[in-house]
Amino acid sequence: MEIEAIEVCQVIQDVESQVTLVAGKATLVRVYIKQSSVTAVARLRGEIAVRASETGPATFVPALNELNLDPADTATLPDKREAIEKSLNFRLPENMTRAGDIVIEVNRVTQAGGADQPLTGTRRKPATFVAAPPLRIHCIGLRYRDTRTNTTHSPDAIHFTYLRSFLERAYPVPSVIWSHIVVDADFTAPFNVDTVVQANMQVAAIRSADVSAGVDPRTHYFGLVDDANRANFMRGRAMGIPATPQPDTVASGPCGAGNGFAGDTDASYADWYGAHELGHTFGRFHPGFPVGDQDASDPQFPFANGQLSNADRRFVGYDLGDGALGIPLKALAGPGHHDVMTYADRQWLCSHTFEAIRTRLRAEDEQFAPAMV
Ligand SMILES: [Zn+2]
């Protein structure tokens, strides 16, 4: 069995594994095997050994999947990176993602019901994990009355759940420290262009009172407003796009069922929409895509059309999934998906946004950590 490549991935990764790995975050190892290793279709299983140092004790991890290796399959490495089933995949145990270095070694590849296969190619891959603070979010559902129908609307639990899950999966953090409540809104429907400003002012006032009362000042506050099946759509907005760390910058956004909105067909669009507005509170601007729909206020954005990768397919997105929500492990083709700060379809975090939010979170953590008492 000739090992073609080993990739260590969390949210977005390039072919040389240059995107930072966040300590304590869910991590996948992919082992690619050349199709020329077999003369007939083979079903392969595998095991990696993970060590904290070259000579330290090993933790052995079995593959999540069985790899069907077909000598007639012409998929190249870029093709295989974009198809999650075309590698042996391993989930690193949490104690192997602590800050610092590890060495991953392909320990065994076996044919189903058969013996160990001899291994050639590069069997080892070092990886380094960097410590990062958690994301602290307090989400406020704003319950409003529609004066035309005399009905009230507040976000269903599913929207809080999807937003929290997306932030956990896609943001450069080991975990999300999350809380949420629902309160009566200071505004009613029908909405107008000022509604989101009122929402943000209300959320900012709640945050100010909470922080005075002892809430961690690194906590970002987000207001969630139900769209009443699109009858009352409040366009999202952040109160500002701070150039320096300012966790008191709040944002608000709408929620409702995906129904194909920006390519989202699941139970909620609150996830990527909220991640976009929160991205602004971490200083992220708009890449400018689709051209004409969005202002281009981030001149450093590196990828064509707001994609996760240029046409060279160097970057692939990874969604490690959420079992509780039935969201499977997926590879997201770089040119077919778009950065969360765009207005384009199928959103995820590109490396530019991932690294920038990671850097900002660390700066907030240093500047706003509460004094020890
Ligand atoms: Zn925006």
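## About the model

Residues are counted from 1 along each chain as its sequence is written. Because the structure is predicted, local features need pLDDT of at least 70 and side-chain atom pairs count only at pLDDT 80 or more, while totals for chains, interfaces and linings use all residues.

Let's start inside. A nonpolar core is a set of buried Ala, Val, Leu, Ile, Met, Phe, Trp, Tyr and Cys residues joined through C-beta atoms within 7 Å. A residue is buried if 20 or more other C-beta atoms lie within 10 Å of its own, exposed if 12 or fewer, and partly exposed in between, with C-beta atoms placed from the backbone. The largest nonpolar core has 89 residues, and I12, V29, L224 and Y318 touch the most other members. Domain 1 (2-130) and domain 2 (135-368) both contribute residues, so this core lies between them; the domain bounds come from an automatic or database assignment.

Leaving out residues up to four places away in sequence, Y318 touches several residues, including C9, I12 and L332 (contact: C-beta atoms, placed from the backbone, within 7 Å).

## An open sheet

Next comes an open sheet of 4 strands, ordered β8-β4-β1-β10 with mixed pairing. Strands are DSSP runs of E, at least two residues long, and helices are runs of H or I, at least four, numbered from the N terminus; two strands pair if DSSP finds at least two bridges between them. β8 (88-91) and β10 (120-121) are at the edges with a single partner strand each, so one side of each has no neighbour in the sheet. β1 (residues 2-9) pairs with β10 in the parallel sense over 2 bridges, and E2 has T120 as its bridge partner in β10.

## A helix residue

A209 sits in helix α3 (residues 195-212). A209 counts as exposed because it has 10 C-beta neighbours inside 10 Å.

Notes
Two residues are in contact if their C-beta atoms, placed from the backbone, lie within 7 Å.
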